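Hi,

Here is the structure I promised to pass on to you.

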Protein chains: 2
Amino acid sequence: MDAQAPRPTPSAWEPALARLAGRFGERFSRVTAVRRHHGKDASYHPSADPDAVVFARTTAEVAEVVGLCAAHRIPVIPFGTGTSLEGHVAAVHGGVSIDVSGLDRIVEVNAEDLDCTVEAGVTRKQLNNHLRDRGLFFPIDPGADASLGGMAATRASGTNAVRYGTMRENVLALTVVLADGRVIRTGRRARKSAAGYDLTRLFVGSEGTLGVITEVTLRLYGIPEAMSSAVCSFATIKGAVDSVIATIQSGIPVARIELLDEVQMDAVNRYSKLSYPVAPTLFLEFHGSEASVQEQAAQVQAIAQDHGGGGFQWATRAEERNKLWQARHDSAYAAAALKPGSGFWATDVCVPISRLADCIVETKKDLEDSFLPAPIVGHVGDGNFHVAFVVDPTKPEDIAEATRLNERIVARALAMGGTCTGEHGVGYGKIDFLEAEHGPALAVMRTLKQALDPANIMNPGKVVRINGA
Amino acid sequence: MDAQAPRPTPSAWEPALARLAGRFGERFSRVTAVRRHHGKDASYHPSADPDAVVFARTTAEVAEVVGLCAAHRIPVIPFGTGTSLEGHVAAVHGGVSIDVSGLDRIVEVNAEDLDCTVEAGVTRKQLNNHLRDRGLFFPIDPGADASLGGMAATRASGTNAVRYGTMRENVLALTVVLADGRVIRTGRRARKSAAGYDLTRLFVGSEGTLGVITEVTLRLYGIPEAMSSAVCSFATIKGAVDSVIATIQSGIPVARIELLDEVQMDAVNRYSKLSYPVAPTLFLEFHGSEASVQEQAAQVQAIAQDHGGGGFQWATRAEERNKLWQARHDSAYAAAALKPGSGFWATDVCVPISRLADCIVETKKDLEDSFLPAPIVGHVGDGNFHVAFVVDPTKPEDIAEATRLNERIVARALAMGGTCTGEHGVGYGKIDFLEAEHGPALAVMRTLKQALDPANIMNPGKVVRINGA
């Protein structure tokens, strides 16, 4: 079929969908609730149901579905756990959602090489439960118990990225089903290679628009000998952020350094029945040998005191640490609970760390002048922060106000040399910011998309628009 | 001009070359010695002279040259310092070499953000001299004082990669002149981003085949408070390699951990008039706080003793450390000096570290049975090692033997899940190994090349063959 021809209307897809129904039986569904679940992620963005869902179990099955859809130019949308935040899984042009949660095997763990290969549907908690007895862990933690395929597809990061990097640094290789059903392996298990173009990094962050990730080879780390967590509140946001900057610039290998503003701390206290000071607060974690953790902690305490940081509350035992971090992990739910009946619209931007204090302080001025509650939480060691607009999705004025604030936040981050998203990705929610961010480089992204998916069937309408759609 | 039409013959290029001569004056050359210098790198590979050389000084000038060459389908070969090792700069299809050594400005250093932007011709030593007074450094050290544009283009790494990563991890963004003369910026200074396809990583390691890199934005690091180096010899190669594996698996953040086999140590002793034991030897370096360096050193000493490592010789003062590492850095010259009148053919492979001992031991059996001297040096913390075949390039039997041994080494690395090159790159020397390494993924690389350079003018004949050439 001519790749440039107009896409057939959905009614022309029926014979192909019937073939999929025959082939996959109970693992094929057109039930409304199933389609609805697969067209909706964890964001406020309007969902869009796919026409059908296939529950695949193997790479070969994914290749079979993609091959059939390619022959009929039916859009294909990969689905992991549906925890993305920019409408990544919405079937905005209809089509078939391929649910990869059944690709749930841990293929191999190479403890000596500190790597593993898992199928795309394995979640990060499933992997870490499997690894724990071997003294290993996979550090990337975006909050949700996301699938590792989805985390690779969205270039996820999270609280540990300041120490361990993002999915960009921690994916060694991928198995990918291309837009025509071919299956490739993007790399090998060697820690480094200079043998040709970096296909692994091309597919990491491509959000299903260049192919479907079915296996992921990941770097692993030894569980540190010692771990220690702390909470410290500050008189001002600037004091907290400047402490982070000084910590990073000193080369202290902090494992986590997270900022919650006073709005978020108030929400956390209410939601989790805690009594932290309602003030800008850093949550910290140190990993290493006993001696190294103590040294890091002492260094950061001294830095915090120089910037108006109050007494540190420490937690070293695992259950204490988990309790401390639970408050951080619940922050989005705590935010939503600020206004009963509301949801949250989470946005994120990332700026060079020297601009972080200015960026957050200016953003807070915007937010203080708004009627929407909007706590700030940040992976501030990376220069990355989130704003959770607490909105009632049925109220157009809430959505309009969040849209206005979001546009200001993105424009400010771009003006400071930053990016419109540090970790949530583009989906369709941020697709129209890429022109401002990338300028002429956006045309190169479009060229790559058209080269690898000439018929635009792979998660169309995400990351880059093709012919305006 | 139709991108699929046959390339015009070099005689048809004369009008375009005349225009370049008029435009660039003394910065355009067709002098034989200049052309020869630009068609030859630091490898044994036969050189191939370009038809002309342009000494560019700005991104705009590079864009102008590429635009003119594109209009006439003249190949363009970027040239930095000519220190590549797989024939990367050879003008195998003729064309214009663009020498970027005149793009030598350090554009900005953002000390607070631990990043900098330099033009492509700035060398790593030039950058580090500039940074020293600010307490910062750029760690990637491939041995040669290469240009940072060339290091990005070849995805260079070297001795520090085990701690600090390779160019893949340390390039934040690039300015690139595309095959049609367009100029793009591949990313921003934010530490992380999920905003679209990872163009930075696509161009890192693309060896000039997708575009000409003209500016590089790099991560920087604070000069560690303490540094300590050591040398330790072992009874067996296996003991040395197993010590490395145990060190990496223990999560000790060693900054350098380099293996020299007994052949190389003998060469080093002769060349540098030293008296190290002629035995497999590790060269190590530790970075961190005083306490952390002492702790790391004690841990590695204990590991080495468990694996038959002899007494450590330590160096902590800068000049002692430099002297110790000079022996390592001179290893290639020391190898060549083993056979007067010879050069060296350096190959490298990289395997998962669990296979490293087997891979090196089996390789040494091959080498012991050969008439060619061939010392081994390895960045063993990454699973990466080099073999330097000491060859007389005028003797076909030397080249035939090195070819045979190289093919066996690559095949063994691939069979062990490794790569045909950990850091030297593909050039034209390793182009025919990519099929075995990548299988169907090689076709994807070819698709990307054809999408971004449809007329195949960007360093043709390197990385991927187009239409067999």
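Below is what I found, going from the whole chain to the details.

First, some housekeeping. This is a predicted model, where local features need pLDDT of at least 70, side-chain atom pairs count only at pLDDT 80 or more, and totals for chains, interfaces and linings use all residues. Residues are numbered from 1 along each chain as its sequence is written, while chains are lettered from A and ligands numbered from 1 in the order in which they are written.

**Chain A as a whole**

Chain A has 17 helices and 18 strands; these are DSSP runs numbered from the N terminus, with helices being H or I of at least four residues and strands E of at least two. Its radius of gyration is 22 Å, close to the 23 Å from the globule rule for 469 residues, so chain A is as compact as a globular protein of that length. (That radius is taken over C-alpha atoms, and the rule is 2.2 Å times the number of residues to the power 0.38.) Along the principal axes, the C-alpha atoms of chain A fill a box of roughly 70 × 55 × 40 Å.

Of the 469 residues in chain A, 60% count as buried. Here buried means 20 or more other C-beta atoms within 10 Å of the residue's own, exposed means 12 or fewer, and partly exposed is in between, with C-beta atoms placed from the backbone. Among the contacts in chain A with a separation of 6 or more, 71% come from residues 24 or more positions apart. A contact is a pair of residues whose C-beta atoms, placed from the backbone, lie within 7 Å.

For the classes, Ala, Val, Leu, Ile, Met, Phe, Trp, Tyr, Cys and Pro are nonpolar, Asp, Glu, Lys and Arg are charged, and the others, Gly among them, are polar.

**A buried strand**

Have a look at strand S6 (residues 115-119) of chain A: 5 of its 5 residues are buried, so the strand is largely enclosed by the rest of the structure. In a regular strand the side chains alternate between the two faces of the sheet. Both faces of S6(A) are covered, with Asp115(A), Thr117(A) and Glu119(A) buried on one side and Cys116(A) and Val118(A) buried on the other.

S6(A) pairs in the antiparallel sense with strand S5 (residues 106-110) of chain A over 4 bridges; strands pair if DSSP finds at least two bridges between them. Thr117(A) is the bridge partner of Glu108(A), and Cys116(A) is that of Val109(A). The hairpin of S5(A) and S6(A) has 4 residues between the strands, and Leu114(A) takes a positive phi near 55° there. S6(A) also pairs in the antiparallel sense with strand S10 (residues 211-219) of chain A, over 5 bridges, where Thr217(A) is the bridge partner of Thr117(A).

**How the two chains meet**

A rotation of 180° with 0.0 Å of shift along its axis superposes chain B on chain A, with an RMSD of 0.0 Å. The two copies are thus related as by a two-fold rotation axis.

The contact takes 73 residues from each of chain A and chain B. On the chain B side, helix H17 gives the most, with 7 residues. By class, that side has 28 nonpolar, 28 polar and 17 charged residues. Since 100% of the interface residues of chain B are also interface residues in chain A, the copies meet through the same surface.

**Two spots in chain B**

An open sheet of 4 strands runs in the order S1-S2-S4-S3 (chain B), with mixed pairing. Its edge strands, S1 (28-29) and S3 (76-79) of chain B, each pair on one side only.

Lastly, Leu324(B) lies in helix H12 (residues 318-329) of chain B and is partly exposed, with 19 other C-beta atoms within 10 Å. Leaving out residues up to four places away in sequence, Leu324(B) touches Ser229(B), Val231(B), Phe283(B) and Ala315(B).

Best wishes

Note on methods. Two residues are in contact if their C-beta atoms, placed from the backbone, lie within 7 Å. Copies are superposed by least squares on the C-alpha atoms of residues with pLDDT of at least 70 in both.
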